[in-house]
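Morning, everyone. Let me put the structure up, and then we'll walk through a sheet and a helix.

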Amino acid sequence: MPLAAVVAILLGRQQQRLADAERAGRDVRRAALTLEAAFDHVPVGLALLDLDLRYVRLNRLLADINGLPVEDHIGKSIHDVIPEIAPSAEVRLRQVIATGRPIVGSVFEGATPARPHARRVWRESLHPVYDRDDTLLGVSVVVEEITEQRRLAGALQDSQRREQRRTSELEGVMQAAQSALFVAGDRECRRIKANPAAERLLRLHSGDCPRPDIRGGRAFAVYAGSTLLGLDELPLQRAAATGEEVRGEALTVRFSDDERMHVVINAVPVRDASGEVVGAVAAFAEAPAPNAEIDG
């Protein structure tokens, strides 16, 4: 083959390799830019520390958490940047360096120069970083602030404890009261609890829902004068549905054996912290028979 042809072939191959290298370089640069953008915009703090626990790299969010610009971190140790948190953080970082195993999801609290007087809470994950030869280079740090989540969780627990305490107190009152009491736990009065005094007066078994119908052996009806009341017309249900108080309402309970009991009822709505009606409470006591009796 002529020398000129050989040279042309070699030049062509070299040009192709250069083109491939340039294309690979563009791909690498594009990947680097993508990684850079992700590093700076993820919603968690990121950092890379060397084996001396000095900052090699970090994103803007972690810099903001610490209260110093990104450039003021590079080359400085964690003791220089976050002196209050550094001692406990160093224990975990040294453990990762010594064992080569990550620590995921550890929670700690403290203050940083960004807000030196505020106690804040973070969730942290630490991972060892190796090069291609499996030589340990340092530790990567992922930090997420969970101060608000912890505050909300604490507030929820406090609320639950208060509700439990109120429930226990109400249960005590219900058990100890000599007056007949009802508590409806919803506006529709699907869940009604009667205390022992109410169960005795209405001939209920313990735990029965005190609703006047004939199903399940609860054979009684409620009258206002000679008018039979529907379920939604009863004082407890009205207070829960309308949010209005019912005071001194005289009614008659008629049992299946035609025995009658005359009662006076008070009912008041129960409201939550925002003022919304969430149920009702009613109390009744036996009263003298009215002048007008129920027909038939």
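In what order do the seven strands of the open sheet run? The order is β7-β6-β12-β11-β10-β8-β9, with antiparallel pairing. Before going on, a caution: this is a predicted model, where local features need pLDDT of at least 70, side-chain atom pairs count only at pLDDT 80 or more, and totals for chains, interfaces and linings use all residues. Residues are numbered from 1 along each chain as its sequence is written, and side-chain values use heavy atoms, leaving out hydrogens and water.

Helices (H or I, at least four residues) and strands (E, at least two) are DSSP runs, numbered from the N terminus. Two strands pair if DSSP finds at least two bridges between them.

The edges of the sheet are β7 (192–194) and β9 (227–228), each pairing on one side only. Now β6, residues 180–184. Five bridges join β6 to β12, residues 277–286, and the two run antiparallel. F182 has A282 as its bridge partner in β12. Helix α5 (residues 147–176) packs on the sheet and touches β6 and β7. Contact here means heavy atoms within 4.5 Å.

Next, helix α4. Which residues of α4 are buried? A86, A89, R92, L93 and V96. Buried means under 20% relative accessible area, exposed over 50%, partly exposed in between (1.4 Å probe, protein chains only). These five cover an arc of only 130° around the axis, so they sit on the same side of α4. The arc is taken from the directions from the helix axis to the C-beta atoms. On the other side, V91 and A98 are exposed. Just after α4, G100 takes a positive phi of about 75°.

Definitions and conventions:
Axes fitted to C-alpha atoms, helices over the stretch in contact; angles between N-to-C directions.
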